[in-house]
Amino acid sequence: DRYISDRHLPDKAIDLIDEAASRLRIKRMETPPDFKELENQIALVVQEKKAGLNRLRVRSFADGSWTEGAFPEPVYTAYASGTPEFGSRLLRYGYQSLVTPSSIYDYDMAAGTSTLLKREEVLGGYDPARYASERLWATARDGVKVPISIVYPKAFARDGKAPLWLYGYGSYGIAIPAAFNTNCLSLADRGFVYAIAHIRGGKDK
């Protein structure tokens, strides 16, 4: 485990989840002798899941404010990656979506900006501008809303005639992310709408 000195926490607690219905608080954080370098960190980064999507939030030790990382698409997969330097103000994270190939970014925690470092190359003249993705919701029999991620060609006509390929899995805490998959786009090129139902059982709630 890694800890951060109490001197950064005036009330000896950090709100990790700020929804009124459920609050997770770290009550005490101490610095072991061999991790004193952590006291000089500028922020705490929290990766959490909300409505079936990962989000990254940064808490500044300077003023206690929270900043949530903004992502450009309605459905995506994002995760905090390794940041080699403890003293860095850059957070390295991975990002991809049903339309955007796997990408690596550096997030400047002070400036609040992201810089693309690398993106997986897709052969065959792939053009992400040809596709669109969005988040829909289905209501289960017990009233719980289940998120659904879909991707389709932008030329798609919403007339109820296009075939739909619906996939879902949720068990043993395994979730199906809205990740880039050329097989799904191949279906879209053939007129399909591809959808992932993020059903319960996969830690999507």
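Of the 205 residues in the protein chain, 40% are buried, a term that denotes under 20% relative accessible area, with exposed standing for over 50% and partly exposed for values in between (1.4 Å probe, protein chains only). The model is a predicted one, in which local features need pLDDT of at least 70 and side-chain atom pairs count only at pLDDT 80 or more, whereas totals for chains, interfaces and linings use all residues. Residues are numbered from 1 along each chain as its sequence is written, and side-chain values use heavy atoms, with hydrogens and water left out.

The protein chain contains one helix and 13 strands, where helices (H or I, at least four residues) and strands (E, at least two) are DSSP runs numbered from the N terminus. Read from the N terminus, the order of these elements is β-β-β-β-β-β-β-β-β-β-β-β-α-β. Among the contacts in the protein chain with a separation of 6 or more, 50% are accounted for by residues 24 or more positions apart, a contact being defined by heavy atoms within 4.5 Å.

Two open sheets are described here. Strands of a sheet pair through backbone hydrogen bonds, in either a parallel or an antiparallel sense; two strands are taken to pair if DSSP finds at least two bridges between them. Strand S4 (residues 53-60) is joined to S5 by three bridges, the two strands running antiparallel, and Arg59 stands opposite Trp66 in S5. The ring of Trp66 also has the charged end of Arg57 sitting over it, 4.2 Å from the ring centre; this description applies if NZ of Lys or CZ of Arg is within 6 Å of the ring centre and within 35 degrees of the ring normal. The charged end of Arg135 likewise sits over the ring of Trp137, 5.9 Å from its centre.

Another open sheet is formed by four strands in the order S6-S7-S8-S9, and here too the pairing is antiparallel. Strands S6 (77-80) and S9 (113-119) are the edge strands, each of which pairs on one side only, while the twist averages 30° from one strand to the next. Six bridges connect S7 and S8 in the antiparallel sense, and within this pairing Arg92 stands opposite Asp106 in S8. The loop between S9 and strand S10 (131-139) holds Glu120, which is partly exposed, with a relative accessible area of 47%. Neighbours within four places in sequence aside, Glu120 is in contact with Pro101 and Ser102; the C-alpha atoms of Glu120 and Ser102 are separated by 5.4 Å, although the two residues are 18 residues apart along the chain.

Aromatic residues were then considered. A search of the whole structure finds nine aromatic pairs, where rings of Phe, Tyr and Trp (its six-membered ring) pair if their centres lie within 6.5 Å, and planes under 30 degrees apart count as stacked, over 60 as edge-to-face and the rest as tilted. Tyr93 and Tyr105 form a stacked pair, with 5.3 Å centre to centre and 10° between the planes. This pair links distant parts of the chain, twelve residues apart, with Tyr93 in strand S7 (residues 90-96) and Tyr105 in strand S8 (residues 103-108). Both residues are buried, Tyr93 with a relative accessible area of 5% and Tyr105 with one of 14%. The rings of Tyr152 and Phe156 have centres 5.4 Å apart and planes at 45°, so this pair is tilted; Tyr152 is buried at 10% relative accessible area, whereas Phe156 is partly exposed at 24%. One aromatic cluster is made up of Phe71, Tyr76, Tyr93, Tyr95 and Tyr105.

The largest nonpolar core has 15 residues, and those with the most contacts inside it are Leu98, Tyr126, Tyr131, Val151, Leu185 and Tyr194; such a core is a set of buried Ala, Val, Leu, Ile, Met, Phe, Trp, Tyr and Cys residues joined through side-chain atoms within 4.5 Å. Helix H1 (182-189) and strand S13 (193-197) each supply at least two residues of this core, and the largest share, four residues, comes from H1. Apart from this core lies another, of 13 residues, among them Ala43, Tyr76, Tyr93 and Tyr107.

Note on methods
Axes are lines fitted to C-alpha atoms, for helices over the stretch in contact, and angles run from 0 to 180 degrees between N-to-C directions.
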